[in-house]
Amino acid sequence: LLRAVERRFGPITFDLAASDGDEVVPAHFSQEQDSLKQEWPRDGVLWLNPPFRKMLSWSKKCAA
């Protein structure tokens with residue numbers, strides 16, 4: 001899936017919701033940094049695979 005995304009949109013530049021050891025790229029927010037409390041980058045190709053238990057919170061952040 002990641003390679004298909006990169007073929008379509010270009011290289012992924014930031015992982016918005018990484019867990020320890022499974023980040024997609026070196027630039028990422030860790031669980032401790034809590035991506036929901038951070039300002040997200042405005043440029044590049046961002047990857048988001050959030051924990052499903054807080055889906056409404058993630059949906060609201062994406063919409064904003």
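This is a predicted model: local features need pLDDT of at least 70, side-chain atom pairs count only at pLDDT 80 or more; totals for chains, interfaces and linings use all residues.
I started with the lining of the second largest pocket, whose residues split into 4 nonpolar, no polar and 3 charged. Residues are numbered from 1 along each chain as its sequence is written, and side-chain values use heavy atoms, with hydrogens and water left out.

Next, the aromatic rings. How many aromatic pairs does the whole structure hold? I got 2 from the search. (Rings of Phe, Tyr and Trp, the last by its six-membered ring, pair if their centres lie within 6.5 Å; planes under 30 degrees apart are stacked, over 60 edge-to-face, the rest tilted.)

I looked at Phe14 and Phe29: their ring centres are 4.8 Å apart and their planes at 65°, so I noted the pair as edge-to-face. Is Phe14 buried or exposed? Phe14 counts as buried, at 15% relative accessibility, and Phe29 counts as buried at 10%. (Buried means under 20% relative accessible area, exposed over 50%, partly exposed in between, with a 1.4 Å probe and protein chains only.)

Then I checked Trp40 and Trp58: the centres are 6.4 Å apart and the planes at 25°, so this pair is stacked. Trp40 and Trp58 are both buried.

Terms used:
Ala, Val, Leu, Ile, Met, Phe, Trp, Tyr, Cys and Pro count as nonpolar, Asp, Glu, Lys and Arg as charged, and the others, Gly among them, as polar.
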